[in-house]
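I set aside some time today to look up side-chain contacts, and these are my notes. Have a look along with me.

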Amino acid sequence: MNLDHASTKPHERLAAHLETKLVAVNEMIHSRMMSEHAPRIPQVTAHLIDAGGKRLRPMLTLAAADLCGYQGQYDVHLATTVEFIHTATLLHDDVVDESAQRRGRPTANLMWDNKSSVLVGDYLFSRSFQMMVEPGNLRVLSILSNSSATIAEGEVLQLTAATDLATDEDIYLQVVRGKTAALFSAATEVGGVIAEAPEEQVKALFDYGDALGISFQIVDDLLDYQGDSAATGKNVGDDFRERKLTLPVIKAVAKADAEERAFWVRTIEKGRQEEGDLEHALSLLNKHNTLEETRQDALAWATKAKDALQVLPDHPVRQLLIEIADYVVARIN
């Protein structure tokens, strides 16, 4: 999801606050993505890493550690680890989704090939495991390794759930927690753990990241049906054309009569789409008010994220994290 087009940019203010740490993260990313024997690894990695991403997930790690008073150096290691995990998943996702564009550039699988994208993604996952053990904290290792497994599990679940009309909101939430929220919550949680924050604060950071990640993904899914293509970088209806059962459609299927259900079976389960089907899908979403219901869900998760932070110290970073939760949902307000 592109964060450039909301009314304010708290992530930029957070980046300014964390500038010294982010410079160190950037330096570590470039040093650790090098390979003595396989030059294609840094080529493919740099193509994606240097394409202008927001570094939101590693920023969350640095912010959580700062908020909890951490004074050491390993927040940089963990933030870099989080970015490597994220980059690896993007490389793999673009192969799975047969994507042609990422962050305004041709995807790595298009620039090189699928094999390069998959193998470089594997390399970055391996690098991330090397780095996550360096702080010598078993709990950090457990959190980040579990998140890596959860991300992969979520992606596999999505393969089967995406075109199955039996997919309900609970399964959707499980997919979203896997493919998106797991890394958000791990990113914030490890920041608290490395700072040796009290358990109540560590849990609050996990809850913030979890709710923020869920809201983030719901907004992304909603904007696929009513967003500005220039702002989102996606054509309206891409998820429909790719037969992805996202929350607005899941809600519409739950309310469908026999004729409407037959439409969803044909277009989503069987993939037999015809001209005018997207317009009819949009009319059904509007008929059953599922776009507004989805919007309310996104706003509710953003509120949960903000509420979770109330037990954290009164600190400028806490306010910025609250504003980021508002920012994620700003375009649907």
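**Entry 1: salt bridges around Arg266**

Which residue forms a salt bridge with Arg266, the closest N and O atoms being 2.9 Å apart? I found Asp277 as that partner. I kept in mind that this is a predicted model. The pair links distant parts of the chain, with Arg266 in helix α14 and Asp277 in helix α15 (residues 277-287), 11 residues apart. I noted both Arg266 and Asp277 as buried. Arg266 also forms a salt bridge with Glu274, and there the closest N and O atoms are 3.7 Å apart. Glu274 has 52% relative accessibility, so I put it down as exposed.

**Entry 2: Glu169 and Lys251**

My next stop was Glu169, which forms a salt bridge with Lys251; their closest N and O atoms are 3.2 Å apart. This one links helix α9, which holds Glu169, to helix α13 (residues 247-254), which holds Lys251, across 82 residues. Is Lys251 buried or exposed? I have it as buried, with a relative accessible area of 8%, while Glu169 is partly exposed at 36%. Shared partners join Glu169, Lys251 and Asp297 into one network of salt bridges. For the whole model I wrote down a count of 19 salt bridges.

**Entry 3: aromatic pairs**

I then turned to the rings and got a count of four aromatic pairs. Among them are Phe184 and Phe216, with centres 5.3 Å apart and planes at 50°, so I logged the pair as tilted. Phe184 is in helix α9 (residues 169-194) and Phe216 in helix α10 (residues 199-226), 32 residues apart. Both Phe184 and Phe216 are buried.

Phe240 and Phe263 form a stacked pair, 6.4 Å centre to centre with 15° between the planes. Phe240 lies in helix α12 (residues 238-241) and Phe263 in helix α14 (residues 258-269), so the pair ties together parts that are 23 residues apart in sequence. I found Phe240 buried at 1% relative accessibility and Phe263 buried at 7%. Ring pairs also bring in Trp264, which makes a cluster with Phe240 and Phe263.

**Entry 4: charges over rings**

The charged end of Arg57 sits over the ring of Phe216, 5.7 Å from its centre. For Lys304, the charged end sits over the ring of Trp301, 3.9 Å from the centre.

**Entry 5: a surface patch**

Last, I checked the surface. Val96, Val156 and Leu159 form a nonpolar patch there, with about 300 Å² of accessible area together. I placed Val96 in helix α5 (residues 74-96) and noted it as exposed, with a relative accessible area of 52%.

Key. Residues numbered from 1 in each chain as written. Predicted model: local features only at pLDDT ≥ 70, side-chain atom pairs only at ≥ 80, totals over all residues. Heavy atoms only, no water. Phe/Tyr/Trp six-rings, centres within 6.5 Å; stacked < 30°, edge-to-face > 60°. Helix = DSSP H or I, 4+ residues; strand = E, 2+ residues; numbered from the N terminus. Buried < 20%, exposed > 50% of the residue type's maximum accessible area, 1.4 Å probe, protein only. Lys NZ or Arg CZ within 6 Å of the ring centre and 35° of its normal. Patch = residues over 30% accessible without salt bridge, like charges linked within 9 Å, V, L, I, M, F, W, Y side chains within 5 Å. Areas by Shrake-Rupley, 256 points an atom, 1.4 Å probe, with all protein chains shown as cover. Salt bridge = Lys/Arg side-chain N within 4 Å of Asp/Glu carboxyl O.
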